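Please work through each task before reading its solution.

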Amino acid sequence: MTGGGYLKDRAWLYLPFFGALALLCAVILLLPYETVYVRDRAYLSAFLFSIVLCLAVFFIGTLYNMLLWMHGKGLIGTPERRLVRTLLRALRLVISRRFGRIFGTFAKDALYLSKLKDRSVSRWFMHLMILGGFVLMFALDLLVTFSLDFLKYGPMISEDGWAKLWLRDFGFDLVGLMMLVGLLIAAVRRFVLRPKIVRTELPDSVSILFLLAVVLGGFVLEGMGIAGSIPGHTENVEYSFVGYLFSLPMSEGAGDLYDQAWLVHGVMSALLIAYIPFSKLFHMIATPIAIELESAFPKEGAP
Amino acid sequence: MKRLDISKLDVRALVSYDACTRCGECTATCPTGGEAQDVELVTPRGKILRLREFYKRQYGLRARVLGAKEIPDEQLKELAGRAYECTICGQCKTVCPAHLDTIEMWENMREFLVANGLGPLPAHEQIVKSIENYDNPWMQPRTQRSRWSKRIEKDVKVKDALKERCEVLYFVGCTAAYDPNIKDMAVDTVKVLAKAGVDFGTLGNEEGCCGSTMMRTGLFESTRKMVQKNIEMFEKAAPSLMVTSCAGCFKTIKQDYPKVGKVPAKTVHMVEYVTELVGSGKLMLGKRVEGKVTFHDPCHLGRHNRLYDEPRKIIESIPGVKLVEMDRARDEARCCGAGGGVKTAFPELAQKISSLRVEDAERAGADILATSCPFCYQSFKASIEAKGSKLRMMDLMELVRLSAGDG
């Protein structure tokens with residue numbers, strides 16, 4: 001491989017990658033965030049700084065993991081070149097007629113976890129709650145941010161708007177509760193019941209406790225907002241049914257620490273994202289890819 | 001510093017190592033890691049986590065920033081030794097909720113171990129040398145390969161496929177050709193083929209080892225020549241169909257040969273072919289054979305090739321025979337313990353695993369334990385004798401031959 005070719009391979013990968021990452025970070029930093037609940041803009045800035053940093057770590061970590069895959073046999077060229085080619089091939093698949101089948105496999109095996117359901121309904125339920133909650137939370141976050149900051153969608157902003165009540169309040173609480181239920185089952189199973197097949201090492205404990213802290217932190221934060229009558233948490237609070245329950249034992253003074261708690265929750269969420277490529281949570285990305293690889297490119301002679 | 005060469009690890013395998021969720025589903029049913037000795041490093045999860053840890057120490061982001069770390073030789077040897085305790089039965093593939101193709105992963109892991117000077121194990125070397133020098137793992141001369149057919153030459157004409165054109169080429173395999181206890185498998189197979197009026201032949205003494213043993217121990221590259229030579233023989237014989245009675249040969253020719261060259265004819269296992277012959281009325285199973293038969297699914301036939309219904313259809317077609325299933329059957333079937341070079345390197349472990357399966361058959365209330373693989377047959381026969389079990393070990397073709405009325 002000549003030096004020029006090597007540089008070209010790298011340029012083909014890193015220029016679009018860092019360009020897209022910079023664009024994403026710019027969008028995150030430039031959005032108006034007029035409707036966020038935090039009152040002090042300094043906390044918002046601190047959060048935005050941390051999320052941009054953590055997203056960069058997440059994407060670079062993920063890219064690095066994928067480049068490591070490309071060291072394996074079966075492909076030709078530098079890892080960078082192989083990755084670009086693989087990504088382009090994946091893109092071609094996504095826009096091909098086979099997309100329906102690919103998506104079907106993804107939905108059935110990676111999201112619905114069909115095989116796990118056949119083996120253990122309780123573990124399937126636990127995992128589905130965590131994964132489903134996580135995916136729905138992510139989707140809801142995108143939807144709400146887009147509605148608020150791009151569309152300025154009224155019903156998502158006004159206190160009694162249907163979208164505010166059913167999506168921002170009820171929706172987030174529901175998916176958060178899904179994650180909480182799943183994580184609590186997982187924690188009890190791992191730390192109390194300890195079935196023989198479960199092996200708990202530091203990365204397992206960190207992943208589960210980190211997720212629990214973020215989810216519980218979200219409900220505590222919402223409870224503080226309701227207890228302290230923070231804007232956005234003053235009317236129809238029963239829609240935020242879990243946050244409302246958390247607010248019951250809290251005093252009105254809890255609202256005084258709302259901004260600080262908001263930042264802690266935000267930074268922890270950002271750190272969780274940054275942690276994914278370096279933890280067992282990376283299977284959220286690798287497992288669907290492995291499933292699709294088997295489905296889209298079966299080995300020759302395979303039954 | 002010795003750096004691991006990960007260029008032998010398959011891209012799919014590298015993705016799969018990251019895709020492992022560490023759930024442990026595979027550990028409970030792993031015949032060697034979970035059931036026979038309860039050692040985490042032998043289990044699929046144990047192997048995945050250890051190997052991933054090793055290569056990430058040298059190629060991960062931290063290694064890129066802070067420098068790669070040396071992996072002590074004894075740790076590498078421990079992983080290699082444990083990796084070779086796996087029979088590559090594929091039970092972990094059946095249970096893995098992440099749909100990982102662990103069969104491919106273990107075979108590829110062994111290729112990686114060989115490339116890094118960590119495999120195969122010294123115990124495998126004698127077999128490897130025998131295959132390289134004699135074309136069979138049993139240190140038997142090439143000229144004796146077709147000797148098994150001498151005792152039936154008056155009753156059945158076995159054509160030399162290299163000299164006479166024949167429709168079907170029967171690939172006998174080393175174990176059925178040489179092992180005095182298994183020779184009946186080849187004899188029964190040709191009697192069944194003859195009874196059905198099939199125009200068949202073999203490669204005689206020109207048949208070479210299929211290469212399965214070497215491939216399962218990670219020596220894929222060393223088998224290329226052997227595979228090419230066999231493919232050339234197949235081309236010379238130019239059959240319309242190839243059949244095998246050995247599950248290992250079947251898997252190897254069907255799944256591994258296409259990686260080296262084009263196999264000129266469709267390859268089927270005898271269970272598939274006999275099912276077709278019975279279904280089309282070419283083979284009549286009319287004679288009663290009394291007994292309760294349980295069928296052990298050989299890993300290479302079942303989990304590796306999903307042939308579960310065919311042997312059962314055959315058994316159910318035999319008058320007088322009652323098929324009884326073991327608790328763990330089909331893709332949940334326990335392994336016989338012989339595969340993946342385990343019987344060669346760890347005979348006691350293999351015996352322990354096969355004993356568990358014999359107990360399964362006893363619990364099912366069977367009189368006869370039938371299978372369609374010479375390795376499974378060998379292992380179970382030894383275990384049945386060691387345990388003093390009343391079970392009778394039979395190859396499925398023996399049952400078919402009895403019912404077809406020959407012998």
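Two exercises follow, each with a worked solution.

This is a predicted model, in which local features need pLDDT of at least 70, side-chain atom pairs count only at pLDDT 80 or more, and totals for chains, interfaces and linings use all residues. Residues are numbered from 1 along each chain as its sequence is written, and chains are lettered from A and ligands numbered from 1 in the order in which they are written.

**Exercise 1.** Describe the side of domain 2 of chain B that touches domain 3 of chain B.

Solution. Begin with the bounds, which come from an automatic or database domain assignment: chain B is divided into domain 1 (6-119), domain 2 (123-277) and domain 3 (282-404). Next, count contacts (C-beta atoms, placed from the backbone, within 7 Å): 35 residues of domain 2 of chain B meet 31 residues of domain 3 of chain B.

**Exercise 2.** Determine how α11 (183-195) of chain B is oriented to helix α20 (residues 396-404) of chain B.

Solution. Take the axes, lines fitted to C-alpha atoms over the stretch in contact, with angles from 0 to 180 degrees between N-to-C directions. The axes of α11(B) and α20(B) come within 9 Å and cross at roughly 40°. Therefore α11(B) is oblique to α20(B), since angles under 35 degrees count as roughly parallel, over 145 as roughly antiparallel, 65 to 115 as roughly perpendicular and the rest as oblique. Finally, list the partners: Asp184(B) and Lys195(B) are among the contacting residues of α11(B), and Met397(B) and Arg401(B) among those of α20(B).

Conventions:
Two residues are in contact if their C-beta atoms, placed from the backbone, lie within 7 Å. Helices (H or I, at least four residues) and strands (E, at least two) are DSSP runs, numbered from the N terminus.
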